[in-house]
Amino acid sequence: MLRCIEIAKNGLGTTAPNPMVGALLVYNGKIIGEGFTSAYGGPHAEVNAIASVEDKSLLSKATLYVTLEPCCHFGKTPPCTDLIIKSKIPHVIIGLTDPHEKVSGQGIRKLRSAGIDVITGVLEKECREHHRRFLCFHTKKRPYVILKWAQTADGFIAPERHRRDATPRPFWITQSNSRQLVHKWRTEEQAILVGTHTVLEDNPKLNARYWIGKNPIRIIIDKELKVPRSHHVFDGTITTIVLTGIKKTDRYAEKIIFELLDYSKALVPQIFEICYRHNIISLIVEGGAQTLQTFIAAHAWDEARVFTGNAFFKKGIEAPVHSGTLTCTSMVGSDELKIYRSDD
């Protein structure tokens, strides 16, 4: 099962909104085939594992290990349970029951009804950790939220306005190695969200240009549509969702989706509803400080990834304040990276 989890990670950033599942087949104590979920719309892990077995006659004597309950419904691909039954695999060992309402135990029941010996809950804790994005989306009806920011050694996230250039651009606190790592993270999650102030001040591209992989969907909070059309977020290269309070939205470019928010009400639940509707299972919140603090105050985050650079601002915009459990501390070049998990 640990090997299933290991190979499943190859699907990080490409399988969503499907889960990144790992599967393998064992015969006589030897792995005879393995696979992980293909990019969204492609074959699932079980299909790839079965296809990788050279001698198909061994399937009727083999044991299938899989991190998540095999699907039993038609989606982009046929049910995995049907192929398992057709392949006459006699034993299936499952790490975790699928919480998706179209599966949720039905796949297990279908396999058992076909006479297959099914064991569940093997390394369930580890499988639950691996599938945390998918589980969050289907149990809490919201994306898995990763807060990310960089702060100075004296605790500021941005300098005073007069220290910035007249032309909007990022004011870097971290070194290039950290920025590359952030772009890697962007390829692993489905969407990235920033507030109006960040877009106006930094004119960010919010893509993954320093890493090979898929660009995240851009989500911009822009209550009054203040962001000029000339800014990078409206370049039409990436699907961008604008969360606004203004109904007139015809002045912007193609690939821009407008979603109305009621700014007199709590914003985070509305943002989550929109993400759920767009099948966004994971979300990086990159700023600014007010936007990050809004998610923290709403107890609506799962991870916080915080860089601390060597710079000192003395004055400026203070970094967000949060309470969470520190799970990891490491150095990325000369920058310190701390990763927290929410206590909520």
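In the predicted model, L64 is in contact with A23, L24, L25, E46, I84, I89, H91, V92 and I93, leaving aside residues up to four places away in sequence. L64 also belongs to the largest nonpolar core, which has 32 residues. Within this core, the residues that touch the most other members are L25, L64, I84, I89, V92 and V118. Several elements each supply at least two residues of the core: helix 1 (2–8), helix 2 (45–51), helix 4 (106–113) and helix 6, together with strand 1 (22–27), strand 3 (63–68) and strand 4 (91–96). In soluble globular proteins, nonpolar side chains tend to be buried together.

The buried residues are R132, R133, F134, L135, C136, F137 and H138. After helix 6 comes K141, which has a positive phi, near 60 degrees.

F312 lies in the loop that runs between strand 13 (303–308) and strand 14 (317–318). The relative accessibility of F312 is 55%. Because the cut-off for an exposed residue is over 50%, F312 counts as exposed. F312 and G155 are 157 residues apart along the chain, and their C-alpha atoms are separated by 8.2 Å.

Note on methods: Residues are numbered from 1 along each chain as its sequence is written. This is a predicted model: local features need pLDDT of at least 70, side-chain atom pairs count only at pLDDT 80 or more; totals for chains, interfaces and linings use all residues. Side-chain values use heavy atoms; hydrogens and water are left out. Buried means under 20% relative accessible area, exposed over 50%, partly exposed in between (1.4 Å probe, protein chains only). Helices (H or I, at least four residues) and strands (E, at least two) are DSSP runs, numbered from the N terminus. A nonpolar core is a set of buried Ala, Val, Leu, Ile, Met, Phe, Trp, Tyr and Cys residues joined through side-chain atoms within 4.5 Å. Contact means heavy atoms within 4.5 Å.
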